[in-house]
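Open the model in your viewer and keep the selection panel at hand.

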Amino acid sequence: MDNKTEKLRKKNIRDQLKRMKPGECQKYVRLVIDCHIMSAPYGRELIAELNNAMGAGDLKYEIRNLPLKETIIWERSVGQLTLAFEQSNALSEEWQREKQVIKLLSQEELQQLIKYQNLGQIAENLTTRYANIQFIVAYLGRPDQKHSTSETNALLELQVMHQLHVLEIANYAKGLVGELKRLNKAIAEAPYKQQKSETMESFKKFLANDKKQCVRVEGTNGFGRLWQQHLNRLPLVTLEVAETIIERYPCPKQLMADLKNNPDAVKEIGDLKIKRSGPKALQTDRRIGNVLAFKLYMLYNSTDPNTLI
């Protein structure tokens, strides 16, 4: 293996790390459109809209003969893993199929299925040709016509009886491409979100910094807010109590040192007067109190993991 091939392999490893990132992942996902869609009444207009989306960088697609007519699937690039035989120093792109497929259903086709009471044929064809796949039926209704009662009932039957997710597309080309963009983004980001969800389910969720009530620390900014947030998590500690403690102990290290080295620390903390907002005349002096002060002492000094705070 020469140096050039080794460099390509190392580059591929680096690429794998960014393939899942939002904003990057869509570059590695493409639509595969069944070639029979080209001959449909909306085919040319759909391809024109797809070309516009492709030019804007929103979608990538290719046309191929798929196992079931008028379907659309997704593929994800899994990296340049296989050496091409013709060029020993080149790597070929490999793609794997995603677990989503769309079956386009025209109004005329739906009416035929209703007429011959054969709605189950759609689900049967999908499950036969695509195993272990999430099925979506995109119903292309005419924008100038309302659904008949039989068509509405048929779409409900597809969802309830045959467990198919149904999307109703009002505008053939633009509406369908809009849904494809939305689905493409969701499919592209699915591995990242799944990984994130698995991380949050583990103990690391307590360390994560992307929840609404968490504090982001950048450099030296945010430590004061994080200290306040920590105190507010403790029982009996309101915002005013936390501000009173922080005024005396600007960082947890000072509080812990005082509780450890000062035998009168608990009494002194208990005697701290709580800073309160509002009109002065309505305020009454309140102390932090010995109960909370002792809880702080136990929290920061106890070496027994079974100690109740």
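Start with the largest pocket, which has a volume of about 420 Å³. A pocket here is an open set of points on a 1 Å grid over the protein atoms alone, where a 1.4 Å probe fits, with protein on both sides within 12 Å along at least five of seven lines. Grid points are joined across faces, edges and corners, and the volume is the space filled by probe spheres set on the points.

Now select the lining, meaning residues with an atom within 4 Å of a point. There are 18 such residues, and those closest to the pocket centre are Arg76, Glu98, Ile187, Ala190 and Pro191. Colour by element next: strand E3 (71-83), strand E4 (91-106), strand E5 (134-140) and helix H6 (172-201) each give two or more residues to this lining. Helices (H or I, at least four residues) and strands (E, at least two) are DSSP runs, numbered from the N terminus. By class, the lining holds seven nonpolar, six polar and five charged residues. Nonpolar covers Ala, Val, Leu, Ile, Met, Phe, Trp, Tyr, Cys and Pro; charged covers Asp, Glu, Lys and Arg; the others, Gly among them, are polar.

The model is predicted: local features need pLDDT of at least 70 and side-chain atom pairs pLDDT 80 or more, while totals for chains, interfaces and linings use all residues. Residues are numbered from 1 along each chain as its sequence is written, and side-chain values use heavy atoms, without hydrogens or water.

Next, select Arg30 in strand E1 (residues 29-34). Is Arg30 buried or exposed? Arg30 is buried, at 15% relative accessible area (buried is under 20%, exposed over 50%, partly exposed in between; 1.4 Å probe, protein chains only). Show its side-chain polar contacts: one reaches the side chain of Glu62 at 3.3 Å, another the side chain of Glu75 at 2.8 Å. A polar contact pairs N or O atoms within 3.5 Å; within protein, one must be able to donate a hydrogen and the other to accept it, and residues adjacent in sequence count only if both atoms are side-chain atoms.

Move to the cysteines. Cys25 is buried at 0% relative accessibility, and Cys251 is partly exposed at 26%. The disulfide count (cysteine sulfur atoms within 2.5 Å) is zero.

Finish in the loops. Most residues other than glycine have a negative phi. Glu70, between strand E2 (61-64) and E3, has a positive phi of about 55 degrees. Gln163, between helix H5 (149-160) and strand E6 (165-169), also has a positive phi, near 55 degrees. Gln163 is exposed, at 64% relative accessibility.
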